[in-house]
Amino acid sequence: MIIDFRVRPPVPGFEKLSIFGARKGFETYPFDTPEVEPVPSAIEFSMSLFLEEMEEAGIGRCVMMGRNTATTLTPPGADATETWGSVSNDEVAAAGALYPDHLLYFGAVDPSGGVSEAVQEVERCVKTLGCRGIVLEPGFCSPPLMPDAARLYPVYDRCAELGVPVAVTQSFEGGPRIRYADPESVENAAHDFPSLNFIIVHASYPYILQAASICCFNPNVWLLPDLYMNVPTIPGRGLYAEALKLTQGRRMLFGSAYPYRSLRQSVEGLRSLDISPEFFRRITHDNAVELLSL
């Protein structure tokens, strides 16, 4: 069964995110392309429909990613007053407890409110709430940060001590300028914390070849391209499939980024890249099992 490494499902708390607002994720620019399918579970905000969609897509488990950000940045195409939104780690953990056979979960921290508080929240997420990892979105911090910013290092240090990976968001819409997508800053942090696994969410798009090279030669850097690999209209997405050859299928993860795409359409988008059966199994299952020790 497939493991989807990045979803924000229709469970209590996630309705506060912009992707479940008046326009759902699949309806937002630039992913509202002509071929995109409506997502019934997102429209109805229904977990029962979501579970049916998981089964239809051949997905056995999902990794639910929290969001905790102080950003005032507006999502592309959104109203000027709209922000990305946040969900509490308690809400994330509560949803995970309701669906333990289907949902694994990562908590999220933002050091904008204080570094020591963020470190304490990491500890609470892992030891009390049962989170399998921590989400950081440096480009959404206030002020925005690069992943190798000194302010983030105490968070990395505690994650390394606790033995959980860090999911760092990087793409052209992951900060106020495109330079926040440059994966060199993740490589710097990964070099400074060799025992900590870094997952680059959105896989540093559009810095695809740089990210692939960093992933290849840094065994603690993992790529999660999600939309930027699965959506047929994304320029250059085939380079992520080529990157699988470079890493011999290692350290790359499948994610739907639901509700930006239906689960089924995301799996079909990945299959359309004509990835070998061995590498398909690794990106959709084996690598996630290895990373999370499932």
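In the predicted model, Arg251 counts as buried, its relative accessibility being 12%. Arg251 belongs to the loop between H9 and H10, and its phi lies near 55°, a positive value in a residue other than glycine. A positive phi is likewise found at Phe45, where the angle is near 50° and the residue is again other than glycine. Phe45 is placed in the loop between helix H1 (40-44) and helix H2 (47-57), and with a relative accessible area of 28% it is partly exposed, burial being assigned under 20%.

Two cis peptide bonds are described here. In the loop that holds Arg251, between H9 and helix H10 (263-271), Pro259 is also found, and the peptide bond joining Tyr258 to Pro259 is cis, with omega about 10°. A cis peptide bond also links Tyr205 and Pro206, for which omega is about 15°; Pro206 is located in the loop between strand S6 (198-205) and H7.

Helix H7 (residues 208-217) packs with helix H9 (residues 238-246) at an angle of about 20°, the axes lying 10 Å apart. H7 is therefore roughly parallel to H9, since angles under 35 degrees are classed in this way. The crossing of the two helices, H7 and H9, is right-handed. On the H7 side the contact is formed by Ile208, Leu209, Ala212, Ser213 and Cys216, and on the H9 side by Leu239, Tyr240, Ala243 and Leu246. By residue class, this contact of H7 with H9 comprises 8 nonpolar residues and 1 polar residue, with no charged residue taking part.

Note on methods. Residues numbered from 1 in each chain as written. Predicted model: local features only at pLDDT ≥ 70, side-chain atom pairs only at ≥ 80, totals over all residues. Heavy atoms only, no water. Axes fitted to C-alpha atoms, helices over the stretch in contact; angles between N-to-C directions. Helix = DSSP H or I, 4+ residues; strand = E, 2+ residues; numbered from the N terminus. Parallel < 35°, antiparallel > 145°, perpendicular 65-115°, else oblique. Left-handed = near helix turned anticlockwise from the far one by under 90°. Contact = heavy atoms within 4.5 Å. Nonpolar A, V, L, I, M, F, W, Y, C, P; charged D, E, K, R; others polar. Buried < 20%, exposed > 50% of the residue type's maximum accessible area, 1.4 Å probe, protein only.
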